[in-house]
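Here is a short report on a two-chain model. Please keep the sequence and the structure open while reading.

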Amino acid sequence: MATTSAETHTGTEVPADAHSPGTFPPFDGGTFASQILWLAITFGLLYWIMSKVALPRISGILEDRRDRIAGDLAEANRLKQESDAAIAAYEQALAEARGNAHKIAHDTRAKLKADVEARRTAAEAGLADKLADAEKHIAELKTTALANVGEIATDTTTALVETLIGKAPTKAELTKAVDSAMK
Amino acid sequence: MANDPIHQFQITKIVPIEMGGLDLSFTNSALFMVATTAVVSLFLIMSTSGRGLVPTRWQSMAEMSYEFVASTLRSSAGNEGMRFFPLVFSLFMFVLIANLIGMFPYFFTVTSHLIVTFALAMLVIGTVVLYGFAKHGMKFLKLFVPDGVPGALVPLVTLIEVISFLSRPVSLSVRLFANMLAGHITLKVFAGFVVSLIAADGLGVMGPVTAILPLVMAVALTGLEFLVAFLQAYVFTVLTCMYLNDALHPSH
């Protein structure tokens with residue numbers, strides 16, 4: 001058949017085993033029923049397999065992956081928050097320690113300052129006492145010295161007068177003269 | 001017969017079945033429908049059998065096809081559209097694999113028969129109509145009366161909308177069918193030129209030399225046809241998603 005038709009056909013010849021010889025195959029109504037039936041069977045089967053097996057499985061895989069990624073991200077976030085909290089706690093402890101050190105230094109400085117002040121006050125008080133004692137002593141000495149001045153003056157006058165006139169003055173005259181001079 | 005570009009669309013009976021006066025034979029077309037279903041199912045089931053957290057290459061392909069169709073459906077019909085996901089996914093994979101299987105020499109292309117693409121288109125439109133009326137009742141008819149149209153124009157616009165709705169299954173099915181049919185015929189014609197030129201008497205050495213031209217063309221067309229095989233499956237899917245969107249949200 002092939003050899004004979006190859007010589008005579010004009011391009012669209014249909015072999016003898018066709019449903020309706022001579023028609024263009026896609027428009028051959030004789031094959032429609034069979035094609036629709038088998039399409040319904042195969043496509044129905046495909047739809048059933050897709051909706052019952054394949055698609056739930058793939059969506060399950062994708063969901064697992066999404067959950068896993070979301071879970072990992074959440075875990076990473078949690079760890080980050082933990083480390084942030086640790087850093088914050090560390091910094092707080094550091095700040096507290098710094099504050100304590102400051103306070104101790106400040107207290108120590110204040111205590112030392114008060115101590116020095118107290119000692120200085122005590123020393124100054126001692127010095128004032130000693131100064132007062134010394135002044136009192138000086139005043140006493142001065143009083144004593146002044147008390148002796150008359151006597152010394154009398155003696156000196158006696159000696160001077162004796163040397164000048166060769167005769168010692170009387171006691172009464174001497175005292176009168178010295179007293180008048182000392183006034 | 002070897003050079004007849006129409007021969008590849010011929011349907012031949014493998015197991016003749018006759019019921020109630022109807023010819024329901026298991027044909028080469030049915031065989032390739034079974035093959036398409038088998039390839040899609042085996043691909044998706046075997047590739048995902050590991051359920052790996054880190055996918056293998058095959059599992060990655062299965063996941064890609066899943067997410068590709070899912071994002072197409074979600075962007076056209078929103079999250080509510082995901083209830084039709086098994087249908088849309090089955091349609092996409094069936095058309096895509098049927099188109100790709102048809103690219104093998106001597107293999108039958110299921111989608112090159114109008115009745116098959118028309119049946120798939122009617123499945124889509126039937127789903128749209130049934131779901132539309134089930135969900136929205138008579139409000140589904142608002143699909144034909146767009147908002148904001150002046151009163152006088154409503155009958156005209158409604159008529160246009162009805163005609164456009166009725167032409168959907170036709171355009172949806174003819175687009176896929178005609179693309180596959182025309183592509184395969186062109187490919188066959190150019191491949192036939194190669195053979196004819198080599199075998200031609202009277203051209204001498206020029207026969208095989210000039211045969212290079214249609215050969216280059218046939219190779220280029222093969223690449224183009226792979227693109228068309230994917231593109232038409234995608235177009236079919238996108239339009240399906242848009243029509244399903246009408247069923248979900250009838251008012252424009």
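**Ground rules.** This is a predicted model: local features need pLDDT of at least 70, side-chain atom pairs count only at pLDDT 80 or more, and totals for chains, interfaces and linings use all residues. Residues are numbered from 1 along each chain as its sequence is written, while chains are lettered from A and ligands numbered from 1 in the order in which they are written.

**The chains.** Helices (H or I, at least four residues) and strands (E, at least two) are DSSP runs, numbered from the N terminus. A residue is buried if 20 or more other C-beta atoms lie within 10 Å of its own, exposed if 12 or fewer, and partly exposed in between; C-beta atoms are placed from the backbone.

| Chain | Residues | Helices | Strands | Buried |
|---|---|---|---|---|
| Chain B | 252 residues | seven helices | four strands | 32% |

Chain A reads α-α-α along the sequence. Chain B runs β-β-β-β-α-α-α-α-α-α-α from the N terminus. Its C-alpha trace spans about 75 × 55 × 45 Å along the principal axes. Two residues are in contact if their C-beta atoms, placed from the backbone, lie within 7 Å. Among contacts in chain B between residues at least 6 apart in sequence, 66% join residues at least 24 apart.

**Where the chains meet.** Here 43 residues of chain B are in contact with 43 residues of chain A. On the chain B side, β3 (22-23), β4 (26-27), α1, α2, α3, α4 and α5 each supply at least two residues. Helix α1(B) gives the largest share, ten residues. By type, the chain B side divides into 27 nonpolar, twelve polar and four charged residues. In this count Ala, Val, Leu, Ile, Met, Phe, Trp, Tyr, Cys and Pro are nonpolar, Asp, Glu, Lys and Arg are charged, and the others, Gly among them, are polar.

**A helix pair in chain B.** The axes of α2(B) (residues 57-77) and α3(B) (residues 85-101) come within 10 Å and cross at roughly 120 degrees. That makes α2(B) oblique to α3(B). Angles under 35 degrees count as roughly parallel, over 145 as roughly antiparallel, 65 to 115 as roughly perpendicular and the rest as oblique. Axes are lines fitted to C-alpha atoms, for helices over the stretch in contact, with angles from 0 to 180 degrees between N-to-C directions. From α2(B), the contact uses S65(B), V69(B), A70(B) and L73(B); from α3(B), it uses F85(B), V88(B), F89(B), F92(B) and M93(B). These residues divide into eight nonpolar, one polar and no charged.

**The core.** A nonpolar core is a set of buried Ala, Val, Leu, Ile, Met, Phe, Trp, Tyr and Cys residues joined through C-beta atoms within 7 Å. The largest one has 54 residues, and V88(B), F92(B), F94(B) and V95(B) have the most contacts inside it. Both chains give residues to this core, with α2 (32-165) of chain A among the elements that give two or more. Leaving aside neighbours within four places in sequence, F94(B) contacts F43(A), L46(A), T36(B) and V40(B).

**A loop residue.** S25(B) sits in the loop between β3 and β4 of chain B. S25(B) is buried, because 22 other C-beta atoms lie within 10 Å. Not counting residues up to four places away in sequence, S25(B) touches S34(A), K13(B), V15(B), P16(B) and I17(B). The C-alpha atoms of S25(B) and K13(B) are separated by 6.1 Å, although the two are twelve residues apart along the chain.
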